[in-house]
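I set out to record, entry by entry, what I looked up in this structure. The entries follow the order of my reading.

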Amino acid sequence: MEQKQPLTVKALTKYIKLKFDYDKNLQHLLLKGEISNFKRHSRGHFYFTLKDDEAQINAVMFASAASQVSFMPKEGMQVVVKGHIAVYEAGGSYSLYVKEMTEDGIGNLYVAFTQMKERLGAEGLFDARFKQPIPPFPHAIGVITSPTGAAIRDVLSTIKRRFPLVKVYVYPALVQGEQAAPSIVKCIQQANELKQVDTLIVGRGGGSIEDLWAFNEEIVARAIFESKIPIISAVGHETDFTIADFVADHRAPTPTGAAEIAVPNVVDVLKHLNQLNVRLNHNFNVQFEQKKQWLSQLSNHYIMKNPHALFEQRLVYVSQLNDKLQYQLQQQLRKRQQILMMHSNRLIQHNPKQRVMNYQHQLEYLSKALQSGMNQELANQKQHYGLLLTKLDMLNPMSILKKGYTVTTNEKNEMVTSVSQVSVGQKVTVAFDDGSFVAEVDEIKSM
């Protein structure tokens, strides 16, 4: 898809870094090459270039890891390093971050062995939770090895000496060369298909790493891991370790040691059986004596001499239980009757008809009280109204006219309250209680 919007340099670099960080192949690397441009920082860090004839890569080894290196790296030194690739965002470059460093000279096979071990270990093929237990008393032992080597002779003689009762099935296999790994795998699969044995010994005698390489092949490791029959690995000498040793359910230092692990020692088994027999007889005798004493005590018990006494006690006990039961039933019955009576009374009290009658009485009482209150309130209001009318009448200016007083107004209908408000010849209106007349001022006299 064509990109429509431009990216920032930071976004692109971060994307590339994520690609590096999530690539498992770049997180667990084992590389060899020549050291160039080596610099040792004052804080103990190593900075250098790891190169071969055709390429190079910048590398850094921090002080915590560099302090574990048993030698001082220098220009031109051939080394094998273990580490991971990561991107330095600020510089836009990638580098090899080294965790371990050893001098080269261990060979390509050892490098392949280390890489195989790390990869299969990461997959969980070496986990203890997948290990199957070795049967302590096997019925048949299967041996996968060369039929002409010293290993088969050591295994057979050891098994015959330690536990001659067990059957031994030999599955002939090539244990050296290019066809050795497929041959070993085929024998493991054949043993699982035939189901003749309950333990398998897979191995060979000692030799160089090249001689033992078939037991470092991935197909052999996976065949051992997938086997339903427990497998004891017996490859080389005690100091030799192969991938098969890590995958197998149990690792033996030598083929002879594998035979000793696969079967018990018949002498030890017989001693153990004799000890068990002695303990069994002793425990039986002790139990027998204890049971005899217990039986004797039972025989002398008074119940055994008079079994009717036990029956009589039980009759008394049953009678007591019956009386107790009757009493409890009566008590429960009384309680239930009381509860029933209480609920009956409550039901009567809460009878709907009775409640309606009670509400009717209350309504009649409230109606009478309301009517009485309204009448009283009306009388009070009438009395108050009469008082107000009386007061209003007393304050009415027209009421004074009934007493013979008059009210005089001028032409403008303004009330005349002083002689100073009129003049001679001016007409005024004089109002009485029952009428009025118009008069002309003839003379003005002052008091």
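Which residue in strand 5 does Ala86 stand opposite? I found that Ala86 faces Ser95 in strand 5. I note at the outset that the model is a predicted one.

**Entry 1: strands 3, 4 and 5**

I looked up how strand 4 (residues 78-88) is joined to strand 5 (residues 93-103). The two run antiparallel and are connected by 10 bridges. They make a hairpin with four residues between them. In the turn I noted Gly92, which has a positive phi of about 65°. I then turned to strand 3 (residues 56-61), which pairs with strand 5 in the parallel sense over two bridges. Here Val60 stands opposite Tyr97 in strand 5. As background, I wrote down that strands of a sheet pair through backbone hydrogen bonds, either parallel or antiparallel.

In what order do the five strands of the open sheet stand? I read the order as 7-6-8-9-10, with parallel pairing. Strand 7 (167-172) and strand 10 (250-251) are at the edges, each with a single partner strand, so one side of each has no neighbour in the sheet. I followed strand 10 to strand 9 (residues 231-235) and found that two bridges join this parallel pair. Ile232 has His250, in strand 10, as its bridge partner.

I also looked for a helix against these strands. Helix 4 (residues 150-162) lies across strand 6 (140-145), strand 7 and strand 8 (199-204). The helix runs at about 165° to strand 6.

**Entry 2: salt bridges**

I recorded that side chains of opposite charge can pair when their charged atoms come close. How many salt bridges does the model contain? The count comes to eight, and I examined some of them one by one.

The side chains of Lys82 and Glu118 form a salt bridge at 2.5 Å, N to O. This pair links distant parts of the chain, with Lys82 in strand 4 and Glu118 in helix 3 (residues 108-123), 36 residues apart.

Asp127 and Arg129 meet through their side chains at 3.5 Å, N to O, in another salt bridge. Asp127 is partly exposed, with a relative accessible area of 27%, whereas Arg129 is exposed at 65%.

Glu218 and Arg222 form a salt bridge at 2.9 Å, N to O. Both are in helix 6 (residues 218-226), four residues apart, which is about one turn of the helix. Glu218 has a relative accessible area of 23% and is partly exposed; Arg222 is likewise partly exposed, at 25%.

**Entry 3: a nonpolar patch**

Which residues form a nonpolar patch on the surface? I listed Leu7, Leu12, Tyr15 and Ile16, which together have about 390 Å² of accessible area. Of these I looked up Tyr15, which is in helix 1 (residues 9-21). Why does Tyr15 count as partly exposed? Its relative accessibility is 49%, and the partly exposed class lies between under 20% for buried and over 50% for exposed.

How values were computed
Residues numbered from 1 in each chain as written. Predicted model: local features only at pLDDT ≥ 70, side-chain atom pairs only at ≥ 80, totals over all residues. Heavy atoms only, no water. Patch = residues over 30% accessible without salt bridge, like charges linked within 9 Å, V, L, I, M, F, W, Y side chains within 5 Å. Areas by Shrake-Rupley, 256 points an atom, 1.4 Å probe, with all protein chains shown as cover. Salt bridge = Lys/Arg side-chain N within 4 Å of Asp/Glu carboxyl O. Buried < 20%, exposed > 50% of the residue type's maximum accessible area, 1.4 Å probe, protein only. Pairing = 2+ DSSP bridges. Contact = heavy atoms within 4.5 Å. Axes fitted to C-alpha atoms, helices over the stretch in contact; angles between N-to-C directions.
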